[in-house]
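Have the model open beside you as you read.

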Amino acid sequence: MNITTASRPVAHDLPKPSVAALQGDIDRHLKYSLGKDAAHASVYDWRMSLSLAIRDRIVDPWFASTRRTYELQRKRVYYLSMEFLIGRLLEDAMVNLQLDDIAREALANLDVDYETVIHDEPDAALGNGGLGRLAACYLESLSTLGCPAYGYGIRYEHGLFRQRFEQGRQVESAEAWLRQRNAWEFERPEAAYEIGFGGHVSNDNGTAVWHPQETVIASGYDTPIIGWKGQWANTLRLWSAKSTKLFDLQKFNQGDYLAAAEPEALARTISRVLYPDDTTDQGKELRLKQEYFFTAASVRDIVRRFKSECSDLRQLADRVAIQMNDTHPAIAGPELVRILHDDNRMELNEAVDLSQACLSYTNHTLLPEALERWPEDMMRRVLPRHMDLIEHIDARHARRHPERPAHVAIMEHGAVKMGELAFLTSHRVNGVSALHTNLMKESVFGDLHRLHPDRIVSQTNGVTPRRWLWSCNRPLSRLITETIGGGWVGDLDRLDDLTPHADDPGFLEKFAAAKRQNKVALSNWLNEAVGVAVNPDAMFDIQIKRIHEYKRQLMNILETIAHWAAIREKPDADWTPRVKIFGGKAAPGYAVAKEIIRLINDVATMVNADPLMEGRLAVVYPPNYNVSMAERLIPAADLSEQISTAGKEASGTGNMKFAMNGAPTIGTLDGANVEIRDRVGAENFFLFGLTAAEVEQRRQDSEHGRKAIEASPRLSGALGLIADGTFSPDEPERYHRLVDQMYNHDYFLVCSDFDAYYAMQRHVDGVFNSRDTWFHVAAMNTAKVGWFSSDRAIRGYMKEIWDARSAL
């Protein structure tokens, strides 16, 4: 078909079914897909029937989008990520198809409660934190903007882990999200690739031939991702590992049942768990295999799709843009070179150049320990051919840049540095906030930046407003639409039209009422879920993110202890009621982070049992933080805790979600906090703490932690309460190591920033007590953060990194 006459995938305004039509579809799926009648249907049956009815409405625009991409021969974007934290998809899909009100009415006609059905869906256990949630937001925005794209990842059976607390300790157990049928995925048995590990490399007439020792099958499962108003749908393809060997019937018949099933069990191990504990060599090797497994399957799928349309591989970069989300898919460079050179006989250096033209890399961290390194001997043992190619790429770069310092190499001290590999195999490397990008150029990639000054660019993160405002915060989104119209959902910059209303007392009263409605809902849920009753008129002070020392949950709980002690000293003073809410998981092998979790829970037990704290202070830590919990917490937040050590947080996305939902930030000049403060105004942001430059200077004093403690009666008092066992009377020495770390090894400068943090919290109390001032600040945060939409971010990637265009 002539591309100028190719039809659009769907009409600009996707027609909506009637309530009766959708109700009929639900009934049909209940009977024919679930095998149930209404009288005997469970909540699961109704949820699956609704999901399948909604999925039916996605398939046509999904197919049409694929056809249009082929007709126009557009460049496709391929987003490779170890995580896709997509959460629940049912409400997301209905919102983007604008069918949520119709579905609510259809279920009511069937005498089924809409909210019960929605909350029956398990969160997809496909991620951990910001990295995976960003990937999910970007997939939704790619579809909203009509940019042809695939997301590629792993179909984890158990994901990260399910978190529970036993005597305050984090205890991990397997997630079971796939125990029930997944309504959204389509199995693709034709999309299957044999992925090898180990073995040796031979030379066949000058051509390297890899002979893997073991293999598994990567089998694809597709989930359509529909954009706003249903105009375009892209694909999330997840790989599941399966055995290349059939069940061993002979061993089974001999009674060796475990050996008979061993090949299948070993294969499935690769796609069972996200981020297996890598404190052992076996764990490290499994992680490396996981990363190669999904990356190799994805790259082979990409090349196969390209070759189905074009026979000249030299045009690959004109039609393919591969984005590596962090270093986990960094093996994509050597794998693509291997396919081009070994399998398709392209000259080696040409293959390296072509691969680089296709690949780009998003860096998400300035922490050296978070930039993956694999032992050379492990890399050679697991991926011998790729190790050869890494050595070639490294040596080629050294020859071309003889002036480089010796340490500027992919391989150093017996390790393969995946950050350097990703950098050297990409044509663009991006940071995720302006500050982060500048620090990348000065620190982790400083020497490489000087050699390649045009390679690093900045693309500040964004979040989708469809999920993180329109869907999760209906009271506020209704108010916004009533005030400025509904166009903001697809064009978040329009939130700025709220600015003049932030001085209108009538609008602020409605804004406050929307916030209180959300807080009442959260209060009810907390009472039901964790048995803690909280006052919805108190300040809801929330910190939700993975538990890590640099994110400084420890500083938050130390301030809580100091505040508790101050209230106990003067209980009759005019204290601002405050509810401290924490959420987040620690990596299973991260001992310090798990100790911080236990301390928070111990403090919560003490504070919540203290009769003097009633109506003054409460601490709540609901377990198993995930996307669905975030959708409850963020709309109800009064204060957003973004308190990482300056220079350590790459960007953050939680900070954007909180601000969008009218929660001002208390934070440092770190990550995207800098840009949020610039946008909302310094007067609407509660800033404290050292800058990144001051952090580095302070670290020069080896006694900085001890000096800060000795200079701060409040901090020394809080640490003294921990050290003497106030919060662990059954084990007074429980937190001695943590206290000692503050005195002698406070790398993340908790102590140096503590007094400024405490003082700013008391300033926050004062502002909160002035109702009109507080809600003006909150409303200004909502009005001024339109720039942090993932739509804006994806437009930046399309223009500055991928050279991709919309097909709409």
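Which residues does Ile-195 touch, not counting residues up to four places away in sequence? Ile-195 is in contact (heavy atoms within 4.5 Å) with Glu-214, Thr-215, Val-216, Ala-218, Tyr-292, Phe-293, Ala-296, Ala-297 and Arg-300.

Before going on, note that this is a predicted model, in which local features need pLDDT of at least 70 and side-chain atom pairs count only at pLDDT 80 or more, while totals for chains, interfaces and linings use all residues. Residues are numbered from 1 along each chain as its sequence is written, and side-chain values use heavy atoms, leaving out hydrogens and water.

Ile-195 and Phe-293 are among the residues with the most contacts inside the largest nonpolar core, which has 146 residues. Such a core is a set of buried Ala, Val, Leu, Ile, Met, Phe, Trp, Tyr and Cys residues joined through side-chain atoms within 4.5 Å, buried being under 20% relative accessible area with a 1.4 Å probe, protein chains only. Helix 9 (residues 281-309) gives the most to this core, 11 residues. Another core, of 113 residues, lies apart from it and includes Leu-715 and Ile-722.

Now for the sheets. Helices (H or I, at least four residues) and strands (E, at least two) are DSSP runs, numbered from the N terminus; two strands pair if DSSP finds at least two bridges between them. Six strands, ordered 19-18-17-20-21-22, form an open sheet with parallel pairing.

Note on methods: Buried < 20%, exposed > 50% of the residue type's maximum accessible area, 1.4 Å probe, protein only.
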